[in-house]
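Open the model in your viewer and keep the selection tool at hand. The tour goes from one stop to the next.

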Amino acid sequence: MKHLLSMRNILAGALLYAMMMVSSAHAASVAMDIAPLLWRYQEHMSSTTGFSMATPLSSSVSGSGWLARGSVHIPLAGEYAQLVLGGEWLASVGHHQELWHTGGNIQQNQLTVTQHQWFVEARLQLSTLSPLLYVGLSAAMQQDRQTRSRFYVNGALSTAVGSAVETIDSTWLDLSLNGTTPAKAFRLRLAAGVPLHDQMQNTVVPGTVFHSQQQAWRLHVEADYPLPVFSGKSTRLSAFYRFRQLGNDVQTTSLWPKNRWQVYGLGLRQQW
């Protein structure tokens, strides 16, 4: 936990420092994003020794939400390198029905999701290939919070658990490829990463900490295109897709199933 807090403080401090320096760095720019989105979350676990009543397990839920994001882009060494710092917040809208199939039982519950993330990325121009291509390396600190309530088992309301809050803290290392057409019209970013550290805690099993055991990774695809320019400010249409897989941790009395998170978004990006 100390590692997670120190990483979050470093990223947050770097972002604030960069924002303070923008006014003195004429070529630096600030971007703000707002986007409605659709998301899908799934969990899966095959038959597991010691959990015959709960596995095999599968669940799925889909919903809508919003993403807000702010970032600072600072050119270094002319146009040969860039430093990007930022943060974002994602939240589902309303309560969404999650459906579980667990060891012959059918469970339903309401689910809400929030996420926030701090990130810093260094990009280097691939000048030998094209001045329009950059390779990037980024570090990110993310926290997810999933809140479940109103549990029904085989159609009957369960009073055994009033609500369950699942918190996932993760630190990511991503490698990206960033490209643009001449005059920076269409821009595309592809990024893939693995967690340096992740942990999940659930209020249903207090004191138990889970970690992803295998095949944990994520993928981001982003693209944007300019809309009409007003008063020297650039407005762009942005689209993105995100995939993340974590989990698959089995402990003595509880488990964290393999889980997949997907997001599709389309919104606006404003640059100054």
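**Strand β2 and its partners**

Begin with Ser71: it stands opposite Gly86 in β3. This is a predicted model. Now widen the selection to both strands. β2 and strand β3 (residues 81–92) are antiparallel and share 12 bridges. Next, go to the turn of this hairpin. There are 4 residues between the strands, and Ala77 has a positive phi near 55°.

Keep Leu57 selected. What is the bridge partner of Leu57 in β4? It is Thr102. Show the whole of strand β4 (residues 96–102): 4 bridges join it to β2, again antiparallel.

**A nonpolar patch**

Select Ile34 next. It lies in strand β1, which spans residues 29–45. Is Ile34 buried, exposed or partly exposed? Its relative accessible area is 43%, so it counts as partly exposed. Together with Ile34 they make a nonpolar surface patch of about 610 Å².

**A buried threonine in a loop**

Move to Thr208. This residue sits in the loop between β9 and β10 (217–226). Thr208 counts as buried because its relative accessibility is 18%, and the cut-off for buried is under 20%. Show its surroundings. Leaving out residues up to four places away in sequence, Thr208 touches Met200, Gln201, Gln251 and Ser254.

**The whole chain**

Zoom out and display everything. The chain has 1 helix and 14 strands. Of its 272 residues, 46% count as buried. Take the contacts with a separation of 6 or more: residues 24 or more positions apart account for 66% of them. For the surface, the chain exposes about 13,700 Å², and carbon and sulfur atoms supply 65% of that area.

**Confidence**

Finish by coloring by pLDDT. The chain mean is 90, and 89% of the residues reach 70 or more. Which element has the lowest mean pLDDT? Select helix α1 (residues 2–21): its mean of 55 is the lowest among the elements. Where pLDDT is low, predicted coordinates should not be read in detail. Then select strand β9 (residues 187–202), which has the highest mean, 98.

Methods: Residues numbered from 1 in each chain as written. Predicted model: local features only at pLDDT ≥ 70, side-chain atom pairs only at ≥ 80, totals over all residues. Heavy atoms only, no water. Patch = residues over 30% accessible without salt bridge, like charges linked within 9 Å, V, L, I, M, F, W, Y side chains within 5 Å. Areas by Shrake-Rupley, 256 points an atom, 1.4 Å probe, with all protein chains shown as cover. Salt bridge = Lys/Arg side-chain N within 4 Å of Asp/Glu carboxyl O. Helix = DSSP H or I, 4+ residues; strand = E, 2+ residues; numbered from the N terminus. Buried < 20%, exposed > 50% of the residue type's maximum accessible area, 1.4 Å probe, protein only. pLDDT = per-residue confidence, 0-100. Contact = heavy atoms within 4.5 Å. Pairing = 2+ DSSP bridges.
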